[in-house]
There are 2 protein chains.
Amino acid sequence: MRRSERKREVPDLGILSSRTLFSVQKELFSRLSETGHSQVRPRHGAVLAYLDVEGSRASDLAAQSGQHKQVIGTLVDELVALGYVERQPDPADRRAKLIVPTELGRDHMVKSDAILVEMEAEHARAVGEEAYAEFKRVFQLVAERQTRTK
Amino acid sequence: MRRSERKREVPDLGILSSRTLFSVQKELFSRLSETGHSQVRPRHGAVLAYLDVEGSRASDLAAQSGQHKQVIGTLVDELVALGYVERQPDPADRRAKLIVPTELGRDHMVKSDAILVEMEAEHARAVGEEAYAEFKRVFQLVAERQTRTK
DNA sequence: CGCATTTAGTCACTAATTTTGACCGTCACT
DNA sequence: AGTGACGGTCAAAATTAGTGACTAAATGCG
């Protein structure tokens with residue numbers, strides 16, 4: 001059997017992750033753009049995906065998303081311009097600034113969380129609720145292990 | 001519970017895929033560079049991951065990797081310069097060219113396949129062989145479903 | 001306290017990557 | 001022969017990623 005064929009029939013962990021990631025992103029942002037968030041692109045996910053309603057620090061977002069803090073900086077600039085977040089001084093640390101979602105930003109967060117939940121619910125329905133729950137459980141373990149041993 | 005905390009404890013499918021993809025890539029290419037393939041970067045994976053020993057067409061690689069064919073073109077240029085692949089005319093279609101791995105390219109392919117297998121074997125050992133096999137089975141279904149409904 | 005070190009964030013710059021549109025030659029079908 | 005689709009490349013624009021240096025504030029320590 002050809003290698004390309006084998007990769008198609010028995011994809012490795014990297015291929016599965018990559019295919020899943022990019023098609024999840026594609027569906028998510030295409031559906032978000034239908035609900036009024038057409039200006040936000042996947043890369044803004046590094047901020048919006050981890051943002052707290054109470055506000056988050058840029059360096060926390062950098063750590064969680066795995067991006068450099070300079071990247072977070074420009075993403076926040078763009079999201080400020082689009083009206084999704086605001087920069088506020090952090091009362092606990094005068095060096096830091098809190099990135100706080102606006103009403104629009106909170107709407108985006110709520111909707112994208114809901115779309116993700118819905119997408120996963122459809123998969124669960126298709127493969128079986130129990131099988132999907134077990135899949136998520138093991139996936140989380142694998143992701144943690146893999147991240148650690150990098 | 002804060003949203004960022006919840007995302008950490010119960011990551012969604014996109015977050016899990018992204019974390020897994022990037023740490024798999026990081027480990028794979030760092031180990032490859034220790035075995036003499038230090039010039040090859042993750043993005044070349046779009047070509048090398050799906051390449052057949054018999055040679056593959058650029059447009060097949062584009063379709064399988066999800067990249068534009070222009071991207072495949074530049075990746076192939078770089079891999080040719082590095083001595084990993086050659087362009088040969090496709091006997092079956094005079095428009096097309098076959099991307100064929102050289103000896104060096106085949107070595108890369110064999111080694112990266114082996115490293116991936118090894119990495120997965122370690123996960124399987126940690127979470128249980130059976131659980132891991134079931135995880136892979138469901139992951140493949142989910143990836144297929146997700147790719148289809150994009 | 002006073003000094004060195006670390007941390008949060010930004011600025012400015014450079015390199016790399018992705019995306020677009022047009023283009024040529026070949027194929028498949030009529 | 002004529003037409004539309006396909007395989008691949010070129011060139012340019014737009015987006016994204018990576019570096020080094022810098023300010024201000026917090027932290028640690030003698």
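How many bridges join strand 2 and strand 3 of chain B, and in which sense do they pair? The third view has the reply. Everything here comes from a predicted model, where local features need pLDDT of at least 70, side-chain atom pairs count only at pLDDT 80 or more, and totals for chains, interfaces and linings use all residues. Residues are numbered from 1 along each chain as its sequence is written, chains are lettered from A and ligands numbered from 1 in the order written, and side-chain values use heavy atoms, leaving out hydrogens and water.

**View 1. The protein around DNA strand C.** Here 17 residues sit around DNA strand C, and A:Ser59, A:Lys69, A:Arg87, A:Arg95 and B:Arg43 come nearest (near: a heavy atom within 4 Å). Two or more residues each come from helix 4 (58–65) and helix 5 (69–82) of chain A, and from helix 5 (69–82) of chain B (helices are DSSP runs of H or I, at least four residues; strands are runs of E, at least two; both are numbered from the N terminus).

**View 2. The protein around DNA strand D.** This time 16 residues do the surrounding, with A:Arg41, A:Arg43, B:Ser59, B:Lys69 and B:Arg95 the closest. A backbone N or O atom of A:Arg94 lies 3.1 Å from a phosphate oxygen. As for the bases, a nitrogen is 2.5 Å from an N or O atom in the side chain of B:Lys69.

**View 3. The sheet of chain B.** Three strands form an open, antiparallel sheet in the order 1-3-2 (strands pair if DSSP finds at least two bridges between them). Strand 1 (56–57) and strand 2 (85–89) are at the edges with a single partner strand each, so one side of each has no neighbour in the sheet. Back to the opening question: strand 2 and strand 3 (residues 97–101) pair in the antiparallel sense over 5 bridges. Across that pairing, B:Arg87 stands opposite B:Ile99 of strand 3.

Notes: A polar contact is a pair of N or O atoms within 3.5 Å; within protein, one must be able to donate a hydrogen and the other to accept it, and residues adjacent in sequence count only if both atoms are side-chain atoms.
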